[in-house]
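This briefing is meant for a reader meeting the structure for the first time. Please look over the sequence and the model before going on to the points below.

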Amino acid sequence: MRIALVDSGIGMLSTAAALFAARPDAELFLSMDPDHMPWGARTPGEIIERALAGAEAAVRAAGGDVDAVVVPCNTASVHGLAELRTRFEPEVPVVGTVPAIKPAAASGTPIAVWSTAATTRSEYQRRLVETFARGVDVTPVACVGLAEAVESADPGRIADAAAYAAERTPGRVRGIVLGCTHYDLVAEAITQALRQRPDASGEVELFTAAGAVAAQALRRIGGSGGVAGEGGGRVRVLAGGRPARLPAAALAYPAGRALAAGERSAAR
């Protein structure tokens, strides 16, 4: 089983790790774009161009044969999913990332959606809120600098960026949708920042899409590829289409360390 994952940077790690845990026999191609990140600051046209380039590079690295293209990036899914599906489907399923607004809103209590500035102001996110959180108190929070802080793996920068977003999150909020896959990697720092709000009135549950995206990708693939539980899978990394290694920052996070074992297997 060969799966291509496309993102600007290490935000893909949580979804990739979920896929590798579910299918340790899989060969994952992690296509990153460090020369042009972050994508959230770019125009929709640029994001589409970069996402297509990343997917095509991963497919080439796999010898032109992949079972799925996964886009574990909310920004790329917002702007580029239609073009990616036009390019690869129906031969290869393309699976995007949708913020977990529906499960977060299910209880009817106030929630906030943490995402990049580009996703926060997108029509896409507004429609998701209208569709899945109608009648629910929803606060959109643009998390300035948080994705970049995660890429740096600098605890101080992460704490500052999380605190900035937490200050803009009302104390009544009971659920936070992590609307950028980078944020999954620093859930503990986010929880700590939320607890330190002066108006905090209780614990806040975090909602991520990584597990659901991985499960959907495997459903779309069906029974093709190896046998679950076989092991022997491999992780290959591309940076701007070039063979690379997992960034040093990736190893600061459990998901990155889990994938490093597969990368070592690919190097042998």
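Leaving aside its neighbours within four places in sequence, which residues is Leu30 in contact with? In this predicted model, Leu30 is in contact with Leu5, Met12, Ala16, Val235, Arg236, Val237, Leu238, Leu246 and Leu259, once neighbours within four places in sequence are set aside.

**Nonpolar cores**
- The largest nonpolar core holds 56 residues, and the members that touch the most others are Leu30, Trp114 and Leu259.
- Apart from that core lies another, made of 24 residues, among them Trp39, Ile48, Ala62 and Val71.

**Helix 3**
- Helix 3, which covers residues 74-88, has a kink of about 70 degrees that is centred on Gly80.
- Gly80 is also one of the buried residues of helix 3, which include Asn74, Val78, Leu81, Leu84 and Phe88.
- The buried residues of this helix pack against helix 2 (44-61), strand 3 (68-70), strand 4 (94-95), helix 5 (117-120) and helix 6 (123-132).

**Ser14**
- Ser14 has its place in helix 1, residues 13-22, and Ser14 counts as buried because its relative accessible area is 13%, under the 20% cut-off.
- Beyond neighbours within four places in sequence, Ser14 is in contact with Thr181, Asp184, Leu185, Ala210 and Ala255.

**Confidence**
- The protein chain has a mean pLDDT of 91, with 95% of its residues at 70 or more.
- Over residues 224-229, however, the pLDDT is below 50, and this stretch has 15 contacts in the model beyond near neighbours in sequence.
- Where pLDDT is low, the predicted coordinates should not be read in detail.

Note on methods:
Residues numbered from 1 in each chain as written. Predicted model: local features only at pLDDT ≥ 70, side-chain atom pairs only at ≥ 80, totals over all residues. Heavy atoms only, no water. Core = buried A, V, L, I, M, F, W, Y, C linked by side-chain atoms within 4.5 Å. Buried < 20%, exposed > 50% of the residue type's maximum accessible area, 1.4 Å probe, protein only. Contact = heavy atoms within 4.5 Å. Bend = angle between axes of the 7 residues up to and from the residue. Helix = DSSP H or I, 4+ residues; strand = E, 2+ residues; numbered from the N terminus. pLDDT = per-residue confidence, 0-100.
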